[in-house]
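Please read these comments with the sequence and the model open beside you.

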Amino acid sequence: MADLLENSQRWLQAGETLDDLRLGGLKIIQRKDGYRFSLDPVLLCAFSRVARQETVVDLGTGSGIIPLLLARQTDAARIIGVERQPALADRAQRSVQLNGLEGRIRIIEADLRQVRDLLAAESAQVVVANPPFRKADSGRLSPRSERAQARHEVAGGLADFIAAAAFLLGTGGRCYLVYLAERLAELLEGLRRAGLEPKRLRCIHSRVGETARLVLVESRRGGGVGLTVDPPLYVYDGEGYSAEVLRCYGED
């Protein structure tokens with residue numbers, strides 16, 4: 001691994017950066033002026049519960065941030081990232097190789113809306129996703145840009161992510177999502193309609209006293225009725241990250 005990281009520049013293409021994930025020596029390749037991961041997937045991984053030898057599928061993996069983090073944080077046997085944008089899928093694959101995780105992570109370049117042609121039904125115990133938050137017609141965006149397709153429902157909306165998760169999970173399988181707080185009612189309704197019963201909810205606030213910006217939701221395939229609401233998560237304490245967020249990065 002040390003030799004691999006010392007020669008990491010050879011993995012980069014024009015316009016790309018190599019960034020330190022600050023967790024177990026992980027590195028990730030990103031486009032300098034394209035889609036770059038935010039704090040959301042880091043918090044989602046910390047919220048998710050993955051048992052030893054389970055199979056995890058990350059829908060819309062982007063640059064592969066979630067598979068990389070879960071490979072370091074959990075004992076999952078196999079982690080599959082599905083990404084429809086060729087450039088992002090290629091970067092994710094190179095990041096997997098750079099970190100020497102080919103034995104545990106597989107990147108599939110495909111549209112999650114065709115998941116039935118990609119993977120077997122009930123083949124995962126855990127599904128995670130950071131779906132696009134915004135409707136396709138909201139805000140200013142270039143439909144062809146990486147950022148637009150990652151943040152807006154240009155090619156698949158919330159219902160598509162939920163349907164894919166429901167297909168992949170068997171009874172008792174868990175789905176973990178991070179989503180906009182303002183669309184929470186839509187999220188919970190969609191999950192229940194697909195047979196994924198919401199079991200745990202946590203609201204993410206920028207600071208104490210501010211309204212929630214995001215929500216983390218765990219749902220279970222065929223789960224019984226009953227929702228636990230966890231204490232709120234505050235991202236900032238003063239001018240810096242809160243102690244809890246720093247722990248998500250592996251810092252005390």
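1. Basis of the note. This is a predicted model, in which local features need pLDDT of at least 70 and side-chain atom pairs count only at pLDDT 80 or more, while totals for chains, interfaces and linings use all residues. Residues are numbered from 1 along each chain as its sequence is written, and side-chain values use heavy atoms, with hydrogens and water left out.

2. Aromatic pairs. Rings of Phe, Tyr and Trp (its six-membered ring) pair if their centres lie within 6.5 Å; planes under 30 degrees apart count as stacked, over 60 as edge-to-face and the rest as tilted. Searching the whole structure gives four aromatic pairs. One of them joins F47 and Y176, edge-to-face, with 6.0 Å from centre to centre and 85° between the planes. F47 belongs to helix α2 (residues 40-47) and Y176 to strand β7 (residues 169-180), so this pair ties together parts that are 129 residues apart in sequence. Helices (H or I, at least four residues) and strands (E, at least two) are DSSP runs, numbered from the N terminus.

3. Surroundings of that pair. Buried means under 20% relative accessible area, exposed means over 50%, and partly exposed lies in between (1.4 Å probe, protein chains only). F47 counts as buried because its relative accessibility is 6%. Y176 is also buried, at 0%. What sits over the ring of F47? The charged end of R200 does, 3.9 Å from the ring centre. The rule for this asks that NZ of Lys or CZ of Arg be within 6 Å of the ring centre and within 35 degrees of the ring normal.

4. The tyrosine cluster. Y236, Y241 and Y249 are linked into a cluster by ring pairs. Y241 is partly exposed, with a relative accessible area of 31%, whereas Y249 is buried at 10%.

5. Strand pairing. Two strands pair if DSSP finds at least two bridges between them. β7 and strand β9 (residues 212-221) run antiparallel and are joined by seven bridges. Y179 has V215 in β9 as its bridge partner. β9 also pairs with strand β8 (residues 196-205), again antiparallel, over nine bridges. Here I204 stands opposite L214 of β9. The hairpin of β8 and β9 has six residues between the strands, and G209 in this hairpin has a positive phi near 95°.

6. Two covered helices. How many of the eight residues of α2 are buried? Seven are, so α2 is largely enclosed by the rest of the structure. The buried residues of α2 are D40, P41, V42, L43, L44, C45 and F47. Helix α3 (residues 65-73) is mostly covered as well, with seven of its nine residues buried. Those in α3 are I65, I66, P67, L68, L69, L70 and A71.

7. A buried asparagine in a loop. N99 is found in the loop between α4 (86-98) and β5 (105-109). Is N99 buried or exposed? N99 is buried, with a relative accessible area of 1%. Its side chain reaches the backbone oxygen of S95 at 2.8 Å. This is a polar contact, meaning a pair of N or O atoms within 3.5 Å; within protein, one must be able to donate a hydrogen and the other to accept it, and residues adjacent in sequence count only if both atoms are side-chain atoms.

8. Positive phi outside glycine. Q53 has a positive phi near 70°, although Q53 is a residue other than glycine. Q53 lies in the loop between α2 and β3 (55-59) and is exposed, with a relative accessible area of 54%. E122, also not a glycine, has a positive phi of about 55°. Its place is the loop between β5 and β6 (124-129), and E122 counts as exposed at 56% relative accessibility.

9. Cysteines. A disulfide is a pair of cysteine sulfur atoms within 2.5 Å. By this rule the count is zero disulfides. For C248, the nearest cysteine sulfur is that of C45, 9.5 Å away. C248 is buried at 11% relative accessibility, while C203 is partly exposed at 23%.
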